Structures are given as structure tokens and as C-alpha cells.
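User: I am new to this structure and would like to know how some of its descriptions are reached. Please take me through them.
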Amino acid sequence: MRPAHTPASAFSRRTALAALAGAGAVTLLGAGTASAREPGGATQLIEAFPDAETERLRLDRSLRASEFIPTGRYAAPGAEVTVRVRSGHGPLPVLHIGTFDDYNENAALKAPRVFPLRAGRNTVSDVYGGPLYLSFAGHGRRAAVTFVSGTVRMAGFELGRTTEADFQRQLDTLTDVPWVELTTEHTILTLTRAGALIYRDEDHAALLRLFDTVIDSHNRISGLDGSTPLNRPKAGRYHFNEVSVVPKGVGAYAWHGFNGFPRAYMDRLCTVNGLRTRGWGLYHELGHLNQQAAYQAGGLTEVTVNIYSLAAQRTLGQPSNLLTKNASTGLDWFQSSAPKLGAPGIAYETSFGPYEQLVPLRQLELAFGEDFWPKLHQLVRTEHQHDAPVEDYHHDPAVDAGQYRALSTYASRVAGYDLTDFFVKKWAFPIDAQGVAEMAALRLPQPPVDPSSLSD
């Protein structure tokens, strides 16, 4: 589920690390951080990578994902924060203070506050305070950011660097900081201290490895295999954020830059077993940050997202949600949808329930191989660059029609077969005459097996 409002705006030479830090040899870690000590504060060495909007366009996605570099620092409300920046010529890092809380009634607390930085000494203050993040748009530029004063360390766990014992000591000693953060090269998990303490006895290394596994499952179904620059995974991390407010009936949500989870979701967000066996909500919300704009018609927003959810389930060895039995009928979703296929008067968007609408997307994999969706994602990225519309939840019927046409023609091309019968006659997708003509113009043979007859 995603909130229906206007998206926030995006932010758009290499130098020796030791010289930048003013210290000895330092190692650059992952997608952008390393730490050193120097007189006057903690120094973080960061490397620039493409900003979120650049990556959204490269990947043809509807939503921007995170461009944040975690710092492990916290500023109290109103604290005067002094930061020193050293870098060569060109763009400089940006400082962000606060967390995401998209439904907060206070508009100032919906997203972190933004403070552009200049070379040298910077002093800023944020009335609300919160965790500190950096963003640094570019390609391989490096900078040193020193937190001179006004910040303190948050309790944090970094996969591969923090031991469980050390993390537990931090939770016991850094009691005045209301936020806790767990990180990997691919994940930022930002929790309130109260939320983190509920499940403090979990194996946090195992939990974070599981987050990365889910992210990798989404990358693989998206064809992000690193085979070409176009098909490399998103730069930077994905951000999972505990939030204070969600709308009634909403378990979690996705929006530009993050996934939001309320306290009620902590049993799945913060436990190994919960995330592994009952984490559909997270698989789903992360999926929203992977959806491609080319074929994301309004009626498909909550459907194509579950291509990624199913991929996570398969990766984790779970049974498919499509095989869940309906309590009232005793049928799974393949079985309940089958009698409707090709019936007079049916319409894809109104005749089938949400899981039934997902069935044909899974059937395409069953018919044409597990590499069907990876190939389709790669084809879309190759042909649909630099014009991916930003998700704004205001769908134009004409745009929707074009996106349904795109789905049917891309699918036919990847499969190598004419899928007119599958899309138009069996499942009654709203594909107009132009779409039917476009599929016919491909001059493809009929599939040897009817995809609509297949099930897991």
C-alpha cells in the first residue's frame, strides 16, 4: 500500500582518503562509509553514488528508493550541530536530520529535514532533531565529513562489524538516544529505542542477513544481475523505517525513499522467524520500490508489486500465497479464478480478486520459465529509459491504456509467442484495439501450451 499524495523532490575526482581524513590509512566500506577519529570529532569518509532520481530513471521505476548514507549519529532537538566537510571541487554532501513518518500530522515530521553543506565548517540546527544521514550524488567522488559537535552516537548494529554483545552494551548504555539503527551494505533499519527493545534478544546478524536476502530476491526477479551497467542493482541501500502513524486498515506502506512500518508490525520486522515466515508485508512494500513504470497501470499497482513478494517467498522456501485456501470455498486462487476465464462479460480489474489478479503474472513464469520476469525487466530498461513517470497516484486513463498495452507486448516478446488469447480472451485485461493490433504486428506463433491452464 502506498500513500496517495504528491511525492517529495529528489536531490540531484577522486581524492586520497588519508588526505581527506587528515589521518592514517582508512578503508572505504560498501556503498559509502568509513569512520576515523581525529581531534574535534568523528570523521566519516564517504563515496558518491548516483542519486535516487537518476537510479529511478535507469531502472524505470515509479518510486525513488533511498540515497541515504547512515552516520550512526543523533542530534537532540534544537542542538547546534557543527559539521566540517573536506572534498575536492564539485558537488558536496547533503545532511539530513530526522526520520520518515509520512502520515504524521505535523508536516515537518513527514520526512528528514535537508541541510545542504559547503566545504569547510557548517553549523545547523533542527528543532525536532533525530538521526543524521548524508547523501552524496555523483560517481566515485570522495569526501570526509567530521561531526565536530552537537551529535552523539546512536545504538547501532552494522553487519560484519558489530558483535551482538557490543550491540547489547550499546542498548544498555546509550539510553538517552531515542533511536536505534541496524545497517548492512544494502539495508538501513531505523527503529525507535522502544521498538528495538521489544525484540532485543533476537540474533541481529541473522536478521540483517535475512533483510539482504529479501532485497537480493527482488534484485534477481528484476534481472539486476550486474551483467551490464544498466542491469546493476540500485546504488546504495534500502531504508526500512519504524513510523508512528499509518491510516486505518493499513499494515505498512511504501513511498519515495523508504518503507514505513508501525509498532504493530515489529513482530515481523524485527524477528528472524517473523520476517522469514510471515514477512509478506515487507516483501510487498519493498516490491513497490521495484515496480517498473512502463507497465504499472493504476489497476496493476497492487498486483505487479507481488511479483517480487512471490519471488521472496520462493527464495525463503515458503509456500506460495497463491496456494492459500479461501476459507469459504476451500479453493486456492488458481482454482477459484479458473472457471471465470473466458466467460462472457468478465473484466480483469473487476471480476477477479487481488490474488486472482496475480495468478496470470505467475502463469507467465510457469509457461515461459523463471527467467521470464528478469528478461522482461531488462528489456524494459533497455527500451524505456529517461521517461519513467514519477508515481503520483493520479492515473490518466490514456496512460493506463498505454501501460496495459506495454505489458502485453513486452510479455509477448519475452515469451516469443502471441499472447492475445491469454491477455484478451482468457483474462480480459483492458487491452484496447491498438494493443491487440500491436501484438498481432509482432507475428508470433501461438504458445504450445495455454498459460492460463497452469498452476503451482
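User: Which residues line the second largest cavity?
Analyst: The model is a predicted one. In it, the second largest cavity is lined by Phe 167, Leu 182, Leu 189, Leu 191, Ala 196, Tyr 199, His 204, Leu 207 and Cys 270. Strand β13 (187–192) and helix α5 each supply at least two residues of this lining.

User: What makes this a cavity, and how much space lies in it?
Analyst: A cavity is a set of points where a 1.4 Å probe fits but cannot get out. About 40 Å³ of space lies in the second largest cavity.

User: How do the residues of its lining divide into nonpolar, polar and charged?
Analyst: Eight are nonpolar, one is polar and none is charged.

User: What is known of the largest cavity?
Analyst: About 60 Å³ of space lies in the largest cavity. Its lining has 15 residues, and the closest to its centre are Ala 52, Glu 55, Arg 56, Ala 65 and Lys 234. The lining divides into seven nonpolar, one polar and seven charged residues.

User: Why is helix α9 called largely enclosed?
Analyst: Buried means under 20% relative accessible area. Eight of the ten residues of α9 (residues 306–315) are buried, so the helix is largely enclosed by the rest of the structure. The buried ones are Asn 306, Ile 307, Tyr 308, Ser 309, Leu 310, Ala 311, Ala 312 and Gln 313.

User: What covers the buried residues of α9?
Analyst: The cover includes α5 (204–221), α8 (280–288), α12 (354–368) and α13 (372–383).

Technical notes. Residues numbered from 1 in each chain as written. Predicted model: local features only at pLDDT ≥ 70, side-chain atom pairs only at ≥ 80, totals over all residues. Heavy atoms only, no water. Buried < 20%, exposed > 50% of the residue type's maximum accessible area, 1.4 Å probe, protein only. Helix = DSSP H or I, 4+ residues; strand = E, 2+ residues; numbered from the N terminus. Contact = heavy atoms within 4.5 Å. 1 Å grid on protein atoms, 1.4 Å probe; cavity = no way out; pocket = protein on both sides within 12 Å on 5 of 7 lines; lining within 4 Å. Points joined across faces, edges and corners; volume = space filled by probe spheres on them. Nonpolar A, V, L, I, M, F, W, Y, C, P; charged D, E, K, R; others polar.
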